[in-house]
Amino acid sequence: MSRARRSNDWGFPRWRGYGGSREATNVRLCDRHGCEEPGDCPAPKAPNSPDRWYFCQTHAAEYNRKWDYFEGLDKAEKEERAKAERAESAGYAEASHYGWTGSGDGSRSADEMRALDLLELEADADFTSVKRAYRAKAKEVHPDVKPGDEDAARRFQAIQVAYEVLRVAEERREWKG
């Protein structure tokens, strides 16, 4: 009588590789007629359909080359769908506050940009040029220089507010490091 033999699969460590079983594995073939390659690339059969073709990589590339995502939609529906797709994927765009950014590259607020326009400075102006422009503009329209001029007084107040907005923003930038 022969004794029962132990397999190598019991206990730890497993002595045989994990892909080395003796059972047959099911391989889905490419859905293209006559192709014998494995079909591991799903492709939709029709727009907005849950049914899928399963192609090999070569035939999937061929199928996708001719694919029109907006097929069967009129122009307004195409634009609406494209807008919805952009809005949905826009959440994955990197926000400017995560990167190393400086002035003029999206790191300034709309108020700061309006203040820079009022002082006639570029978007990437540093704070020393802001101070210089503020002092020059303030000297031109100061109420002591032009007493009784209402337009000059309004411009002087606008320049003061613009400088204050930029000063607070610069303090915030320095504080954050």
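In which helix do R167 and E164 both lie, and how many residues apart are they? Both R167 and E164 belong to helix α5, where they lie 3 residues apart, or about one turn of the helix; helices here are DSSP runs of H or I with at least four residues, strands are DSSP runs of E with at least two, and both are numbered from the N terminus. The structure is a predicted model, in which local features need pLDDT of at least 70 and side-chain atom pairs count only at pLDDT 80 or more, while totals for chains, interfaces and linings use all residues. Residues are numbered from 1 along each chain as its sequence is written, and side-chain values use heavy atoms, with hydrogens and water left out.

The chain averages a pLDDT of 80, and 75% of the residues score at least 70, pLDDT being the predictor's confidence in each residue on a scale from 0 to 100. Confidence is highest in helix α4 (residues 127-141), at a mean of 94, and lowest in helix α2 (residues 75-89), at 83. Over residues 96-103 pLDDT stays under 50, and for this stretch the model has 9 contacts beyond four places in sequence, a contact being heavy atoms within 4.5 Å.

Strand β1 (residues 41-44) and strand β2 (residues 52-55) pair in the antiparallel sense over 4 bridges, pairing being assigned if DSSP finds at least two bridges between two strands. Within this pair, A43 has W53 of β2 as its bridge partner.

What covers the buried residues of helix α1 includes β1 and β2. These buried residues are H59, A60 and Y63. Seen down the axis of α1, they fall within an arc of 105°, so they line one face of the helix, the arc being that of the directions from the helix axis to the C-beta atoms. The face turned away from this buried side carries the exposed residues Q57, T58 and R65. H59, located in α1 (residues 57-65), counts as buried because its relative accessible area is 17%, and H59 touches C30, R32 and C35 when residues up to four places away in sequence are not counted.

A search of the whole structure finds 10 salt bridges, each defined as a side-chain nitrogen of Lys or Arg within 4 Å of a carboxyl oxygen of Asp or Glu. One of them joins E62 and R32, with the closest N and O atoms 2.7 Å apart. This pair links distant parts of the chain, since E62 lies in α1 and R32 in the segment before β1, 30 residues apart. E62 counts as partly exposed at 25% relative accessibility, and R32 is likewise partly exposed, at 33%.

Helix α5 (residues 150-176) also holds R154 and D151, which are separated by about one helical turn because they are 3 residues apart. Their side chains meet in a salt bridge of 3.9 Å, N to O, in which R154 is exposed at 52% relative accessible area and D151 is partly exposed at 37%. In the salt bridge between R167 and E164, the closest N and O atoms are 2.3 Å apart; R167 is partly exposed at 24%, as is E164 at 35%.

In helix α3 (residues 110-118), the residues E112, A115 and L116 are buried. They cover an arc of only 100° around the axis, which puts them on the same side of α3, while R114 and D117 are exposed on the other side. Just after α3, E120 takes a positive phi of about 60°.

The largest nonpolar core has 17 residues, of which L116, L119, L121, V130 and L166 touch the most other members; a nonpolar core is a set of buried Ala, Val, Leu, Ile, Met, Phe, Trp, Tyr and Cys residues joined through side-chain atoms within 4.5 Å. Helices α3, α4 and α5 each supply at least two residues of this core. Apart from it lies another core, of 8 residues, among them C30, C35, C41 and C56.

Note on methods: Buried < 20%, exposed > 50% of the residue type's maximum accessible area, 1.4 Å probe, protein only.
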